[in-house]
Amino acid sequence: MPHINEAPKHSDKLVHVITYVVFTLLWFTFFYILQAKTNDFKQSLIKSCGFALVYGIIIEALQALVTSSRSADFNDFLANLVGICAAVLVIYAFKSQFLKVKSKF
């Protein structure tokens with residue numbers, strides 16, 4: 001198994017992007033489908049992006065303030081933001097499928 005030092009430089013940013021795509025999609029699904037009576041498409045999108053963004057900011061702040069073995073990285077925040085934006089593109093690309101699923105609840 002390769003050591004972390006052997007990973008390409010900044011490869012952790014790709015992990016941030018993928019994680020935040022999934023994270024934002026899960027929040028959107030929760031708000032739009034599982035809480036369908038209280039949230040429409042736009043509200044669900046705003047809430048899911050907001051939750052993911054605030055979570056990312058809090059995690060980076062905590063790394064800077066609370067831990068001695070980790071540090072905050074603005075590039076991590078930017079990668080998180082790219083992941084959120086990519087999730088928005090995915091959500092809009094599959095909007096009709098989300099509507100079909102929501103109609104079943």
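Guide: A nonpolar core is a set of buried Ala, Val, Leu, Ile, Met, Phe, Trp, Tyr and Cys residues joined through side-chain atoms within 4.5 Å. Buried means under 20% relative accessible area, exposed over 50%, and partly exposed in between (1.4 Å probe, protein chains only). This is a predicted model, in which local features need pLDDT of at least 70 and side-chain atom pairs count only at pLDDT 80 or more, while totals for chains, interfaces and linings use all residues. Residues are numbered from 1 along each chain as its sequence is written, and side-chain values use heavy atoms, with hydrogens and water left out.

Visitor: Which residues make up the largest nonpolar core?

Guide: There are 11: Y20, F28, Y32, I33, F41, L45, C49, A52, I84, I91 and F98. Helix 1, helix 2 and helix 3 (74-93) each supply at least two residues of this core. Helices here are DSSP runs (H or I, at least four residues), numbered from the N terminus.

Visitor: Why is the pair of F23 and W27 called edge-to-face?

Guide: Rings of Phe, Tyr and Trp (its six-membered ring) pair if their centres lie within 6.5 Å; planes under 30 degrees apart count as stacked, over 60 as edge-to-face and the rest as tilted. F23 and W27 have 6.3 Å centre to centre and 80° between the planes, so the pair is edge-to-face. Both lie in helix 1 (residues 11-34), 4 residues apart, or about one helical turn.

Visitor: Why is helix 1 called oblique to helix 4?

Guide: Axes are lines fitted to C-alpha atoms, for helices over the stretch in contact, and angles run from 0 to 180 degrees between N-to-C directions. Angles under 35 degrees count as roughly parallel, over 145 as roughly antiparallel, 65 to 115 as roughly perpendicular and the rest as oblique. The axes of helix 1 and helix 4 (residues 95-103) come within 9 Å and cross at roughly 45°. That makes helix 1 oblique to helix 4.
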